[in-house]
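Here is a friendly briefing to read alongside the sequence and the coordinates. It goes from the chain contact to a helix pair, then to backbone details and confidence.

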Amino acid sequence: MQQACLLLAAGSALLVNVVAQVLVHRMALEGRLVPTLLIGFLSGSAAFVLMVALVWISFGPNDDVPWHTAAALLIYIAGSFSFVCLVAAGETSVRVEILRQLRSRTTGLTLRELDDAYRNDILIRTRLDRLVETHAIRIDRGRYQLASKPLLIVASAFQLAKLVLFGVTNEFGLPSNWQSRDRDRTKDGHPEVTPKA
Amino acid sequence: MLGGSLLVVTLSIFGALGGSGPDALLALALGWSLSVAFLMANTAIETDSPTQSLVLFLHAYRPEGVTDELLDAFIAEHPFRDSRLQGLVSDGLVDRQGERLVSRPAGHALLHLLDVYRQLIRRNRVTG
């Protein structure tokens, strides 16, 4: 019974998380997804702590309760993480956007029609514009410059995880140092020679 | 997920979980939650995020910065759209009917779920 109550606590906390995020976004912080997700998670966590305290009081101290609570906490955290991933997918996922474009016509789209609506350069430039808009990138004398340290840390962490788990740094089979490779080469592909002093 | 569920049921039958139904239920719920979270994280790590790739690209060109020509080269070397379209076809979410690409019912269901959520939070910002 104690397990079922803690499972219920995790499920209810997840529900509080989602409902709080939706309400705060609708009523107070429209357009600000990240703060509302954080508020939702904190609200759910508070609800979880409250319900776990009630379970501990109801069932009294026993050897199993810490383990059961830890399991319920992991369920809540995993559920919250999945919710954030789902929200992120709805906002920026390329796969979801392709599905949206295909859904726009009942007969689907040809590749050419899809190109007109959602080409590779459109999706990358949309992101670039978004980063410029949020000041993560600034334009200095016609050149794009990265201005956000937190974004770089997140991107580097994902790249490291990819290297550890899959042994690659990108999905396109590009050399890991392809950017600097290109930068250090002349237009005809030969390594740039720095003139000696 | 199925393997994990089978393990929990087996452990429960052979008494490793004390033969307790509620313990098995908690273990199953934990296994499923972690599996879904792992699936989400794995997808995010396995495929390149266009935004993160762009960030790393700009970082690689500091302090000079990136010109539009360099950006065009980056776009040409990173066919995100085609890679994801291929993934959708492989996963059975998109069907090729002659020359046309058509979203399948599973794809519609996913979009419906996301659209309901976006309506709930009154989100109207452009996606993609």
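A salt bridge here is a side-chain nitrogen of Lys or Arg within 4 Å of a carboxyl oxygen of Asp or Glu. Residues are numbered from 1 along each chain as its sequence is written, chains are lettered from A in the order in which they are written, and side-chain values use heavy atoms, leaving out hydrogens and water.

**Interface**

- Chain A and chain B bury about 7800 Å² between them, 63% of it on carbon and sulfur atoms; buried area is the accessible area (1.4 Å probe) that two parts lose on being put together, summed over both.
- Chain A brings 80 residues to the contact and chain B brings 77 residues, where contact means heavy atoms within 4.5 Å.
- A:Lys162 forms a salt bridge with B:Asp48, with 2.7 Å between the closest N and O atoms.
- In another salt bridge, A:Arg95 pairs with B:Asp91, the closest N and O atoms being 2.9 Å apart.
- That pair crosses between chains, from helix H4 (residues 94-103) of chain A to the loop between helix H5 (80-90) and strand S1 (94-97) of chain B; helices (H or I, at least four residues) and strands (E, at least two) are DSSP runs, numbered from the N terminus.

**A helix pair across the chains**

- Helix H1 (residues 2-27) of chain A and helix H6 (residues 105-120) of chain B have axes that come within 9 Å and cross at roughly 50°.
- H1(A) and H6(B) are therefore oblique to each other, as angles under 35 degrees count as roughly parallel, over 145 as roughly antiparallel, 65 to 115 as roughly perpendicular and the rest as oblique.
- A:Gln21, A:Val22 and A:Arg26 of H1(A) meet B:Tyr117, B:Gln119 and B:Leu120 of H6(B) in this contact.

**Backbone details**

- B:Arg62 and B:Pro63 are joined by a cis peptide bond, with omega about 0°.
- A:His135 has a positive phi of about 65° although it is not a glycine, and A:His135 sits in the loop between helix H6 (120-133) and strand S2 (137-140) of chain A.

**Confidence**

- The predictor gives the complex an ipTM of 0.80 and a pTM of 0.78.
- Chain A averages a pLDDT (the predictor's confidence in each residue, from 0 to 100) of 85, and 88% of its residues score at least 70.
- Chain B averages a pLDDT of 85, with 91% of the residues at 70 or above.
- Over residues 177-197 of chain A, pLDDT stays under 50.
- Where pLDDT is low, the predicted coordinates should not be read in detail.

How values were computed:
Axes are lines fitted to C-alpha atoms, for helices over the stretch in contact, and angles run from 0 to 180 degrees between N-to-C directions.
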